[in-house]
Amino acid sequence: MSMSFAALFIPHFAVQSVLRLKPEIRNQAVAVLEGKPPLEKVIDCNSKAHQQGVEYGMGRAQAELFKVHLFQRSLPQETTAGQALRDCASTFSPRFEDVGLPTPQSKPGDVPSEGVSGKTILLDLTGVGRLHQSLETLARKLQQQVIRLGMQAHVGIAGNPDAAALAARGFSGITILEPGKEAEQLSSLAVDVLELSPSIGETFQLWGIRTLGQLAGLPEVGLVERLGQEGERLQTLARGAGHRLLVPTESVLEFRESFELEFPIDLLEPLAFILSRLLHQLCARLAARSLAATQLQLTLELDSSPDSPPASAGRKTTIHRRTLRLPIPSRNVRNLLKLLQLDLESHPPKAAVTEVVLEAFPARPRFAQTGLFTPLSPEPERLAITLAKVSSIVGPHNAGRPLVLNTHRRDAFQVEKFVSEEQLPVQEQPSCPAQGPQTVLRRFRPEPRAWVQTHEEKASPIAVTFHNQRRKVAAAAGPWNSCGDWWNPRYWSREEWDVILEDPPARRVKESLHEIRSGRGAYRIYRDLLSGHWFVEGEYD
């Protein structure tokens with residue numbers, strides 16, 4: 001494959017930056033305005049808006065006379081769309097150049113050609129073509145990848161980057177320039193694709209030069225005498241013979257999507273609809289880089305003065321920020337959206353939302369291979385949704401895994417965020433417990449109240465009565481005294497005994513869930529030294 005450069009051209013980039021988050025109006029007339037009210041002017045519009053009469057430089061009042069969707073230009077959205085295109089280009093070639101947006105050279109009221117208000121990205125395909133069956137296949141995959149990002153693109157492939165850029169800007173769809181026939185294939189294009197300066201464009205108009213073929217046929221010496229080195233450069237480009245090196249654009253791993261609302265919203269349902277669009281875009285960009293999201297950060301700009309109109313310049317805003325840490329890296333839109341919805345239900349914004357910013361922190365996706373005889377376990381993504389649902393019911397501080405505190409007080413624990421075993425470092429993963437017989441205390445909850453008869457001299461238990469049954473003590477060990485937390489109101493102090501109780505009497509009363517079994521049993525009893533009451537803590541198995 002001798003051709004080694006491709007050009008990706010996005011026509012009407014400002015309009016497409018808006019439509020990628022509003023796909024429902026993609027087939028309708030759309031125009032983008034820029035400027036301070038009420039002096040906004042049309043800076044970009046799609047072909048359907050142009051057919052209805054919208055022109056560049058037209059004011060808002062004039063544009064509103066047509067059935068056109070008008071949007072204010074959003075530089076953050078254009079920046080995000082440009083980053084998405086760079087993500088797309090990086091999946092096909094490690095060396096690409098973001099040419100940027102050319103400046104429209106038309107006068108107010110004149111509609112420039114389609115190639116003036118677009119964005120171009122050049123790719124070096126050296127060594128990449130071997131990965132694809134043909135150049136057509138590569139160009140088609142590149143175009144389909146851009147469509148997944150919510151935009152439309154033209155693709156040009158040629159032996160040099162300048163010829164590929166002209167082919168992408170001048171022709172729709174996919175164009176492949178054959179070696180040695182660049183001038184012939186580009187001859188029908190208008191000279192506007194060269195991004196002419198106003199003075200040179202006016203000169204070409206006076207000379208009657210309308211196409212690249214007419215420019216390429218001019219005498220080279222006479223052209224240089226009248227236009228200088230710029231004339232020679234333009235003629236070289238018109239012949240498709242330009243040669244230059246790409247200036248690679250540094251690839252930045254930043255995945256952020258924003259959406260500016262026309263009117264503030266205060267309901268979670270329409271907010272979830274917007275989050276779904278942002279997540280689809282983020283996951284598509286992550287998939288293009290073969291990455292997944294390990295953390296999501298949602299930033300909501302709130303309107304603190306909801307009575308003010310949306311376009312008011314002095315409107316005060318506050319920020320509502322939520323961070324969602326995922327159990328494993330994921331790019332499942334449905335699961336991520338559900339987690340964001342549950343988090344917003346537990347922590348709703350305190351005012352209407354005027355802008356939504358969603359950022360994903362990338363990581364390598366999870367690859368798991370299970371054995372044929374390994375039982376299936378719940379998916380971590382589904383487990384995270386279940387925990388989020390539980391947290392929304394019982395509270396975020398009451399759902400997780402128990403962590404035993406460093407104290408001798410009974411039932412002293414706190415709840416920390418649940419972490420699966422595969423997320424723990426190797427040194428923290430639980431080891432297999434030692435095998436063998438062990439004595440286990442089966443605790444009673446709640447602990448039944450007891451009445452204990454003690455020896456007058458030794459103060460050891462003689463008989464224990466609980467659950468309406470009196471049983472004699474066959475053997476006792478103790479006492480063990482413990483206390484703690486004397487510095488706060490939760491001070492505790494207790495005296496513990498381990499006792500073996502004799503057989504209960506023949507008459508048994510079943511008034512508790514903890515039925516006393518026949519035969520001798522080992523129990524732990526204790527006396528609360530602060531209240532003086534006895535309790536049965538549990539039975540040994």
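Which residues make the nonpolar surface patch of about 550 Å²? That was my opening entry, and I kept in mind that I am looking at a predicted model.

**Surface patch**

I found that Trp486, Trp487, Tyr491 and Leu530 make the patch. I then looked up where Leu530 sits: it is in the loop between strand 20 (521-528) and strand 21 (534-540). Buried or exposed, I asked of leucine 530? It counts as exposed, because its relative accessibility is 52% and the cut-off for exposed is over 50%.

**Aromatic rings**

Next I went through the ring pairs, and the count came to three aromatic pairs. One of them is formed by phenylalanine 466 and tyrosine 523. Their ring centres are 5.9 Å apart and their planes make an angle of 70 degrees, so I noted the pair as edge-to-face, since planes over 60 degrees apart count that way. Phenylalanine 466 lies in strand 17 (residues 461-466) and tyrosine 523 lies in strand 20, so this pair ties together parts that are 57 residues apart in sequence. I checked the cover too, and both phenylalanine 466 and tyrosine 523 are buried.

I also looked for charges over rings. Lysine 119 lies over the face of phenylalanine 13, at 5.4 Å from the ring centre. Arginine 494 does likewise with tyrosine 526, at 3.7 Å from the ring centre.

**Salt bridges**

How many salt bridges does a search of the whole structure find? I got 26, and I followed up a few.

Arginine 285 forms a salt bridge with aspartate 87, and their closest N and O atoms are 3.0 Å apart. Arginine 285 lies in helix 12 and aspartate 87 in helix 4 (residues 75-90), so the pair ties together parts that are 198 residues apart in sequence. Arginine 285 counts as buried because its relative accessibility is 0%. Aspartate 87 counts as buried too, also at 0% relative accessibility.

Aspartate 87 has another salt bridge, to arginine 289, with the closest N and O atoms 2.8 Å apart. Arginine 289 lies in the loop between helix 12 and strand 10, so this pair ties together parts that are 202 residues apart in sequence. At 16% relative accessibility, arginine 289 counts as buried, because the cut-off is under 20%.

I then looked at arginine 95 and aspartate 124, whose closest N and O atoms are 2.3 Å apart in their salt bridge. Arginine 95 is in the loop between helix 4 and strand 5 (96-100), aspartate 124 is in strand 6 (residues 119-124), and the two are 29 residues apart. Arginine 95 is partly exposed, with a relative accessible area of 35%, whereas aspartate 124 is buried, at 11%.

My last entry is on shared partners.

Notes: Residues are numbered from 1 along each chain as its sequence is written. This is a predicted model: local features need pLDDT of at least 70, side-chain atom pairs count only at pLDDT 80 or more; totals for chains, interfaces and linings use all residues. Side-chain values use heavy atoms; hydrogens and water are left out. Patches are made of residues with over 30% relative accessible area and no salt bridge: like charges are joined within 9 Å, nonpolar side chains (Val, Leu, Ile, Met, Phe, Trp, Tyr) within 5 Å. Accessible areas come from the Shrake-Rupley method with a 1.4 Å probe; for residues, only the protein chains shown count as cover. A salt bridge is a side-chain nitrogen of Lys or Arg within 4 Å of a carboxyl oxygen of Asp or Glu. Helices (H or I, at least four residues) and strands (E, at least two) are DSSP runs, numbered from the N terminus. Buried means under 20% relative accessible area, exposed over 50%, partly exposed in between (1.4 Å probe, protein chains only). Rings of Phe, Tyr and Trp (its six-membered ring) pair if their centres lie within 6.5 Å; planes under 30 degrees apart count as stacked, over 60 as edge-to-face and the rest as tilted. A charge sits over a ring if NZ of Lys or CZ of Arg is within 6 Å of the ring centre and within 35 degrees of the ring normal.
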